[in-house]
Structures are given as C-alpha cells and as structure tokens.
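Open your viewer and keep the selection tool ready. We will go from the whole chain down to one residue.

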Amino acid sequence: MKILVINGPNLNLLGLREPDIYGKEDYASLCEKIKKHADKIDCEVELFQSNHEGDLVDVIQEAYGVFDGIVINPAAYTHTSVAILDAIKAVGIPAVEVHISDVSKREDFRQISFVRAACVATIAGHGTDGYLEAMDILSGDAK
C-alpha cells in the first residue's frame with residue numbers, strides 16, 4: 001500500500017505556532033513519526049507540505065494511479081477550499097481528513113469542512129497521533 005500524507009498551510013511551523021493548541025512537536029519530528037509508523041504497518045509513505053492551495057490540488061491530482069490512500073490535513077483550507085474537495089473527489093482515492101486540534105471545540109468557522117465530504121473518515125483532536133490512526137484506517141489496520 002502507498003499512502004500520500006498531505007499537510008497544508010502553516011504546518012511547517014508545527015512546534016512554533018500556538019504550541020498550546022498544536023503541541024511542541026516540530027514538523028520534522030512529525031514526518032519521522034509518520035515514516036516509522038509506515039514501516040511498522042508495511043506501507044510506503046510520501047509526505048508533502050505546502051502553504052499554497054494550488055500546490056495541494058496539483059499533488060492530489062498527481063496521486064491518481066500512484067497512491068492507494070491519502071491522509072490530508074488541509075489546515076486553514078479545510079474551511080475554504082472547494083478546489084481541494086473537488087480534487088479529492090476527482091481522483092477517487094480514499095482519503096482521511098486529520099486535524100491535530102479538536103476543531104469541534106474551537107471557533108465557529110472551524111466547524112465547516114469542505115474536504116470532509118470527500119473523505120472516508122475524519123480524525124480530530126488526537127494530536128499528531130491522528131496521522132497514524134488515519135494511516136491505520138487506510139491500510140485496514142485500524143483497531
């Protein structure tokens with residue numbers, strides 16, 4: 001199984017940006033954690049991060065025929081991007097939406113997720129372990 005993990009805007013600043021909400025783990029540590037988990041569940045994984053919506057759409061489109069699953073934390077684009085929703089729907093690759101914080105307990109605008117409509121599951125509020133849970137769901141190893 002090949003899984004593409006996509007991170008949206010500002011996730012490259014993980015550990016610096018609002019650590020009381022997103023934790024102190026930095027982006028490099030998150031990437032290493034994901035790679036180790038991929039080895040554990042016998043999956044190939046590729047990671048991608050961008051602060052640009054079009055780059056996220058491009059990488060989703062390029063995943064067609066290459067990846068078996070997508071883990072996506074669209075970050076702020078969760079609440080605004082019909083383009084990312086449409087890209088996920090277009091490629092038809094099973095996707096799991098991940099949020100480090102519990103968006104359901106935050107500002108009203110964070111209650112809206114355009115991306116969720118194209119995803120098989122959403123994991124929110126489990127910290128960076130949510131990425132591992134998403135990988136387990138896609139690989140069939142979910143407990």
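Predicted model: local features only at pLDDT ≥ 70, side-chain atom pairs only at ≥ 80, totals over all residues.

**Stop 1: the whole chain**

Switch to a cartoon view. Count 5 helices and 5 strands. Trace them from the N terminus, and the order reads β-α-α-β-α-β-α-β-β-α.

Now show only the C-alpha atoms. Along the principal axes, they fill a box of roughly 35 × 30 × 25 Å. The radius of gyration is 14 Å, which agrees with the value near 15 Å that a compact globule of 143 residues would have.

**Stop 2: surface and interior**

Show the surface. The chain exposes about 7000 Å², and carbon and sulfur atoms supply 50% of that area. Then look inside: 45% of the 143 residues are buried. In soluble globular proteins, nonpolar side chains tend to be buried together.

**Stop 3: the largest nonpolar core**

Select I3, L14, I34, V71, Y131 and M135. Within the largest nonpolar core, which has 23 residues, these six touch the most other members. Highlight β1 (2-7), α2 (27-40), β4 (95-99) and α5 (129-139) as well; each of them gives this core at least two residues.

Now clear the selection and pick L4, I60, A95 and V115. They are among the 21 residues of another core, which lies apart from the largest one.

**Stop 4: A124**

Finish at strand β5, residues 121-124, where A124 has its place. Is A124 buried, partly exposed or exposed? Its relative accessible area is 24%. Buried would need a value under 20%, and exposed a value over 50%. A124 is therefore partly exposed.

Draw a distance from A124 to S101, C-alpha to C-alpha. The two are 23 residues apart in sequence, yet 5.9 Å apart in space. Leave out residues up to four places away in sequence, and A124 touches H99, S101, D102 and V103.

Note on methods. Residues numbered from 1 in each chain as written. Heavy atoms only, no water. Helix = DSSP H or I, 4+ residues; strand = E, 2+ residues; numbered from the N terminus. Rg over C-alpha atoms; globule rule 2.2 N^0.38 Å. Buried < 20%, exposed > 50% of the residue type's maximum accessible area, 1.4 Å probe, protein only. Areas by Shrake-Rupley, 256 points an atom, 1.4 Å probe, with all protein chains shown as cover. Core = buried A, V, L, I, M, F, W, Y, C linked by side-chain atoms within 4.5 Å. Contact = heavy atoms within 4.5 Å.
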